[in-house]
Amino acid sequence: EINTHVKDISEVIARVAEKYSAYPQDWLDGLTVDCGDWWFNVRPSNTEPLLRLNLEAATREQCDTQVAELLQLITA
């Protein structure tokens, strides 16, 4: 789990949703996106002003690549 301080959590989640709009999305607990062989979830913390990112991928290399891509989008 990677925590990031952002100014507008709703705006960041909307930006991520738009970027990954071609993939199935679930809004039950934040935003979960299924990208096939990897997936991620971004959600606001209930206790702190943070956006939480969780991601799983088939390989460590793919995980690192996708985390870097998402963090760049989140902090833009």
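Author: Buried means under 20% relative accessible area, exposed means over 50%, and partly exposed is in between (1.4 Å probe, protein chains only). This is a predicted model, in which local features need pLDDT of at least 70 and side-chain atom pairs count only at pLDDT 80 or more, while totals for chains, interfaces and linings use all residues. Residues are numbered from 1 along each chain as its sequence is written, and side-chain values use heavy atoms, with hydrogens and water left out.

Reader: Why is Arg 43 called buried?

Author: Arg 43 has a relative accessible area of 19%, and the cut-off is under 20%, so Arg 43 counts as buried. Arg 43 is part of strand 4; strands (E, at least two residues) and helices (H or I, at least four) are DSSP runs numbered from the N terminus. Among the residues that Arg 43 touches, beyond four places in sequence, are Glu 1, Ile 13, Asp 29 and Leu 51, where contact means heavy atoms within 4.5 Å.

Reader: What makes Asp 8 partly exposed?

Author: Its relative accessibility is 42%, which lies between the 20% and 50% limits, so Asp 8 is partly exposed. Asp 8 sits in the loop between strand 1 (2-5) and helix 1.

Reader: Which backbone nitrogens does the side chain of Asp 8 reach at the start of helix 1?

Author: A side-chain oxygen of Asp 8 comes within 3.2 Å of the backbone nitrogen of Ser 10. The backbone nitrogen of Glu 11 is 3.1 Å from a polar atom of the Asp 8 side chain. A polar contact is a pair of N or O atoms within 3.5 Å; within protein, one must be able to donate a hydrogen and the other to accept it, and residues adjacent in sequence count only if both atoms are side-chain atoms.

Reader: How do you know where the buried residues of helix 1 lie around its axis?

Author: The buried residues are Ile 9, Val 12, Ile 13, Val 16 and Ala 17. They fall within an arc of 140° seen down the axis, so they line one face of helix 1; the arc is taken over the directions from the helix axis to the C-beta atoms. The face turned away from them carries the exposed residues Ser 10, Glu 18 and Lys 19.

Reader: What is the length of helix 2 set against?

Author: Helix 2 has 15 residues and spans 21 Å from first to last C-alpha, close to the expected 21 Å; the expected span is 1.5 Å times one less than the number of residues. The buried residues of helix 2 include Gln 62, Cys 63, Leu 70 and Ile 74.

Reader: What makes a set of residues a nonpolar core?

Author: The members are buried Ala, Val, Leu, Ile, Met, Phe, Trp, Tyr and Cys residues joined through side-chain atoms within 4.5 Å. The largest such core here has 21 residues, and Val 16, Tyr 20, Phe 40 and Leu 70 are among those touching the most other members. Helix 1 (9-19), strand 3 (31-34), strand 4 (38-44), strand 5 (50-57) and helix 2 (60-74) each supply at least two residues.

Reader: How many disulfides are found?

Author: Zero in the whole structure. The sulfur of Cys 63 is the nearest cysteine sulfur to that of Cys 35, at 12 Å, whereas a disulfide is a pair of cysteine sulfur atoms within 2.5 Å. Cys 35 is buried at 8% relative accessible area, and Cys 63 is buried at 15%.
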